[in-house]
Amino acid sequence: MNPISRREFVTLTAAGVLAAPGVFHSRSAYAQASLTAQQIVDRIRQRAGVEWKTATVDAFKAGDPATAVKGIATTAMATMDVLKEAVKAGANLVITCEPTFYSRADSPSPGGARRGGPAGPDAVFTAKNEFIERNGLVVWRFSDHWRLRTPDPLSVGLADALGWARFKAADDPRLITAPVIALDSLASDIKQKLNIGGGIRIVGDPRSRIQKIGLLPGTTAIQAALSLFPKVDAIVGGEVREWESVELARDKATAGENKSLILIGRVVSENPGMNAAAQWLKTVVPELPTTWIPVTDPYWRPA
Amino acid sequence: MRRALTAGDIVSRIKANLGIPWRDTTYRDTFKFGSADTEVRGIATTVFCSFDVVRRAAEAGCNLIVPHEDTYWNDRDDVTVVSGDPLYKTKVDFMTKNNIVVFRIHDHMHSQRPDFLYVGSARALGLDSKYETAPQSHRFVIPETTLGALAADFQKRLGAKAIRVAGNPNAKVSRIQLGVGYATPAVNNPDVDVVVSGELQENDGGFDSPEYVLDAVSLGINKGWIMLGHAVSEEEGMLEMAQWIKAFTPEVPVQLVRAGEPFWVPKI
């Protein structure tokens, strides 16, 4: 018999987990003391250090929030492959940056998301729901508020993954000053370090000398590129609208400005930031194991 | 003396020949630079009114540029968004010096029948009309191939470098839904194996097809997603647009000035 420690007893009682302290058996006490997905999310909300928005995508997307959590997996996108890996790792709470059910609405059935096709069940939606239910998974999205933290954890994560931790500006992790390198070498370097397949695309003169680099992980509008370009030689971004920042970069190259754009894809750019989320969660939920599961680049190119 | 042909005259002919009523509510299909009274010596159509396209149009003697997309790096061509960047002034100064007029044709081109963007893209991709399920369906049933072979064929035909494909390269496919530019169909239509289009946001939109394709692959369901890039996807249709304008504008030369693919990819 493992007697429960005095400290744990106080913690559990204070948390209101034990309805009738003194009559428990230690083993069942541990079981009762286990954290639910809802309790973990409540803790994240308390510890995030940002004001919680009323309109937000950060919500439960699948599973029962009352589920006792055995382990946590963070990921940029809760794909089927990621969910399978989470199960293998013993995690049943998946914390994802991007949607689970293929749209911002994140509805677990195709509903209005089916475009131009006949109505009826969708085999992919059905199978994903079944997998989640069968394995007792809970999926919670953590995007809006994770990005709001200072310094921006997605930029910090991306800089660290690219080996630029010591090159970050002290007051802005998006700004990197690294040893001078040619754009084509930089692009190959990034492709290898982030294990990118066909999702990397570059605008600019391959022979450009790059020293100052700006990071725009995730998806960004023209305003972000316009404000960052004056400070850097190249922007490493996730996703932009091609009629905005891509054409801006192309025109800058035409005008002879030493400005380049390296697009690595939205999800790939968010991978390291969700690794950073896993490291942070270990401090927020030290009782449970937390694993980061990277998403493979969705894209390839014909040979 | 012959009255000079102005940019305004040509725009009037475009409106008259469209076959659909002109909608003045469009913010896209308007003059983006220069005066309607400017005498036109030559016309260049293009997918993007990039600085490089403006220069090459001027070199070719074309001072009316008819792009499908924006000139100032935002869809509304709102200059207040971009005027703080010195490049805006550089581009505008060049256009002023070269007596350039820019008139965008976007919304009406997509409403016109046929929509030349689809005609041009299908032509360039080798999607013959005999494969189209019905006129304007933009759905093609081709002899069965693999996703890998199809993507390789498209890449070769277009000479494009940065085509992006999601899906199993060995998946057997024959039913293609063609989109253009950002008008990219969702991939979960059960009657469709492959969606081919220009661009679309990866996630958090109306339908996130790349994630759906990854999950379909994981389940052994054949789905493919081929993104050509916005410029590559819509460039070809501007050749059809040039030919169409030429038919009712015999006084001046009309040509396509290609914007080209903006991207390159690492060798390793």
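Is Thr100(A) buried or exposed? Thr100(A) is buried, because 27 other C-beta atoms lie within 10 Å; a residue counts as buried if 20 or more other C-beta atoms, placed from the backbone, lie within 10 Å of its own, as exposed if 12 or fewer do, and as partly exposed in between.

The legends below describe a predicted model, in which local features need pLDDT of at least 70 and side-chain atom pairs count only at pLDDT 80 or more, while totals for chains, interfaces and linings use all residues. Residues are numbered from 1 along each chain as its sequence is written, and chains are lettered from A and ligands numbered from 1 in the order in which they are written.

View 1. Chain A averages a pLDDT of 90, and 86% of its residues score at least 70; pLDDT is the predictor's confidence in each residue, from 0 to 100. Over residues 1-32 of chain A pLDDT stays under 50, and the model has 19 contacts beyond four places in sequence for this stretch. Two residues are in contact if their C-beta atoms, placed from the backbone, lie within 7 Å. Of the 303 residues in chain A, 47% are buried.

**View 2. The surroundings of Thr100(A).** Thr100(A) sits in the loop between β3 (93-96) and α5 of chain A. Helices (H or I, at least four residues) and strands (E, at least two) are DSSP runs, numbered from the N terminus. Apart from neighbours within four places in sequence, Thr100(A) is in contact with Lys61(A), Ala62(A), Ala78(A), Asp106(A) and Val139(A). Met77(A) is 23 residues from Thr100(A) in sequence, and their C-alpha atoms are 6.9 Å apart.

**View 3. The five-stranded sheet of chain A.** Five strands form an open sheet in the order β1-β4-β3-β2-β11 (chain A), and the pairing is mixed. β1 (60-62) and β11 (290-292) of chain A are the edge strands, each with a single partner, so one side of each has no neighbour in the sheet. Direction ignored, neighbouring strands of this sheet are turned by 25° against each other on average. Strand β2 (residues 72-75) of chain A pairs with β11(A) in the parallel sense over three bridges; two strands pair if DSSP finds at least two bridges between them. Thr74(A) has Trp292(A) as its bridge partner in β11(A).

View 4. Axes are lines fitted to C-alpha atoms, for helices over the stretch in contact, and angles run from 0 to 180 degrees between N-to-C directions. Strands β9 (residues 234-240) and β10 (residues 260-263) of chain A pair in the parallel sense over four bridges, and Ile235(A) stands opposite Leu261(A) in β10(A).

**View 5. The contact of chains A and B.** Chain A contributes 57 residues to the contact and chain B contributes 57 residues. Elements giving two or more residues to the side of chain A that touches chain B include α4 (80-88), α9 (222-228) and α11 (266-284) of chain A. The largest share of this side, ten residues, comes from α10(A).

**View 6. Paired strands in chain B.** β2(B) and strand β3 (residues 64-67) of chain B pair in the parallel sense over four bridges, and Ala44(B) has Ile65(B) as its bridge partner in β3(B). From strand β2 (residues 43-46) of chain B, Ile43(B) and Thr45(B) point one way and Ala44(B) and Thr46(B) the other way, and all are buried. Leu64(B), leaving aside neighbours within four places in sequence, is in contact with Ala7(B), Ile10(B), Val40(B), Ile43(B), Val101(B) and Phe103(B).

**View 7. Helix α6 of chain B.** Eight of the ten residues of helix α6 (residues 116-125) of chain B are buried, among them Phe116(B), Leu117(B) and Tyr118(B). What covers the buried residues of α6(B) includes α7 (147-158), β7 (172-178) and α10 (237-247) of chain B. Just after α6(B), Gly126(B) has a positive phi of about 75°.
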